[in-house]
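Take a look at the model below.

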Amino acid sequence: EEKRKIGENDSYICTLIRYDSIQEFISYVTQSNFCLTSKIEPSIFETNQFLNDNQPTLIEYAAFFGSIKVFNYLRMAGVDLTPSLWLYSVHSNQATMIHLLETLHIQPPDNSYNSCLLEAIKCHHNNIALYILNNLIVEKDSLLYEKIDDYSMRYSNYSCFYDESTGNDAFFYYCKCNSVNIVDICFEKEKDEIEKFII
């Protein structure tokens with residue numbers, strides 16, 4: 001019952017990683033001869049859908065929780081630094097983790113930060129999303145902004161709507177989707193302009 005309430009993987013190694021308990025982690029993996037490239041065993045207590053859908057490696061799990069000490073230990077031990085680490089790091093919601101990946105010159109999935117940006121919007125990690133958009137994505141086209149608006153709408157992250165997304169097309173899209181809250185926001189934002197047309 002207690003594990004169910006916690007809602008996280010109940011294995012000992014996962015607990016050590018989550019708390020970034022580096023001394024205990026090193027001691028455990030050394031004494032048990034634990035393979036540092038192994039994947040985390042699924043747990044019935046895990047409630048995070050991203051972790052359930054993608055069986056992470058130890059280093060991915062460390063990135064997910066922003067466990068810098070464990071992450072660095074695994075990195076120094078020669079564990080591969082794969083593009084997937086970007087998506088796990090976005091979930092950590094820690095700028096330190098993002099900056100570490102930048103410093104290590106780890107390429108994002110498909111050599112594009114777009115999926116990282118959308119994952120941040122999905123997680124409501126808006127500071128990370130803004131950082132990625134403003135500092136890592138070089139080419140910003142209308143298709144990207146459409147995806148930003150789509151993810152903002154789909155995952156109810158209204159603060160990530162692009163500033164120019166209050167045009168007619170977007171407004172009709174919000175009406176069509178019966179998004180009453182965002183329609184109210186659009187009306188409030190354009191209140192002065194709308195009142196000019198009231199007879």
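Val29 is buried, with a relative accessible area of 6%. Buried means under 20% relative accessible area, exposed means over 50%, and partly exposed lies in between, using a 1.4 Å probe and protein chains only as cover. Val29 sits in helix H3, residues 22–31. Helices here are DSSP runs of H or I with at least four residues, strands are runs of E with at least two, and both are numbered from the N terminus. Set aside the neighbours within four places in sequence, and Val29 is in contact with Ile13, Phe34, Leu36 and Tyr73. Contact means heavy atoms within 4.5 Å. Ile13 is 16 residues away from Val29 along the chain, and their C-alpha atoms are separated by 8.5 Å.

A note on conventions. This is a predicted model, in which local features need pLDDT of at least 70, side-chain atom pairs count only at pLDDT 80 or more, and totals for chains, interfaces and linings use all residues. Residues are numbered from 1 along each chain as its sequence is written, and side-chain values use heavy atoms, with hydrogens and water left out.

Now step back to the whole protein. Its secondary structure comes to 14 helices and zero strands. Of its 199 residues, 40% count as buried. The accessible surface is about 11,900 Å², and carbon and sulfur atoms hold 50% of that. Such areas come from the Shrake-Rupley method with a 1.4 Å probe; for residues, only the protein chains shown count as cover. Consider next the contacts with a sequence separation of 6 or more. Residues 24 or more positions apart account for 54% of them.

Phe65 gives another case of a contact across the sequence. This residue is found in the loop between H5 and H6. Beyond its neighbours within four places in sequence, Phe65 is in contact with Glu8, Arg18, Leu51, Ser92 and Gln94. Phe65 and His91 are 26 residues apart in sequence, yet 7.4 Å apart in space, C-alpha to C-alpha.

How many of the residues of H7 are buried? Eight of its eight residues are, and H7 is mostly covered. They are Leu85, Trp86, Leu87, Tyr88, Ser89, Val90, His91 and Ser92. What do these buried residues pack against? Their partners are helix H4 (49–53), helix H5 (58–64), helix H6 (68–76), H8, H9 and H10. After H7 comes Asn93, whose phi is positive, near 60°.

Two packed helices are described by the angle between their axes and the distance between the axes. Axes are lines fitted to C-alpha atoms, for helices over the stretch in contact, and angles run from 0 to 180 degrees between N-to-C directions.

Start with helix H7 (residues 85–92) and H9. They pack at an angle of about 25°, with their axes 9 Å apart. That makes H7 roughly parallel to H9. Angles under 35 degrees count as roughly parallel, over 145 as roughly antiparallel, 65 to 115 as roughly perpendicular, and the rest as oblique. The crossing of H7 and H9 is right-handed. A crossing is right-handed if the near helix is turned clockwise from the far one by less than a right angle, and left-handed if anticlockwise. On the H7 side, Trp86, Leu87, Val90 and His91 meet Ser115, Cys116, Glu119 and Ala120 in H9. By class, this contact has five nonpolar, two polar and one charged residues. Ala, Val, Leu, Ile, Met, Phe, Trp, Tyr, Cys and Pro count as nonpolar, Asp, Glu, Lys and Arg as charged, and the others, Gly among them, as polar.

Next come helix H8 (residues 95–103) and helix H10 (residues 126–136). Their packing angle is about 30°, and their axes are 11 Å apart. That makes H8 roughly parallel to H10. The crossing of H8 and H10 is right-handed. Ala95, Ile98, His99 and Glu102 in H8 meet Ile128, Tyr131 and Leu136 in H10. The contact divides into five nonpolar residues, one polar and one charged.

Finish in the loops. His124 lies in the loop between helix H9 (114–122) and H10. Its phi is near 65°, a positive value in a residue other than glycine. His124 is partly exposed, with a relative accessible area of 39%. Ser156 lies in the loop between helix H11 (142–154) and helix H12 (168–176). Ser156 is not a glycine, but its phi is positive, about 55°. Ser156 is partly exposed, with a relative accessible area of 42%.
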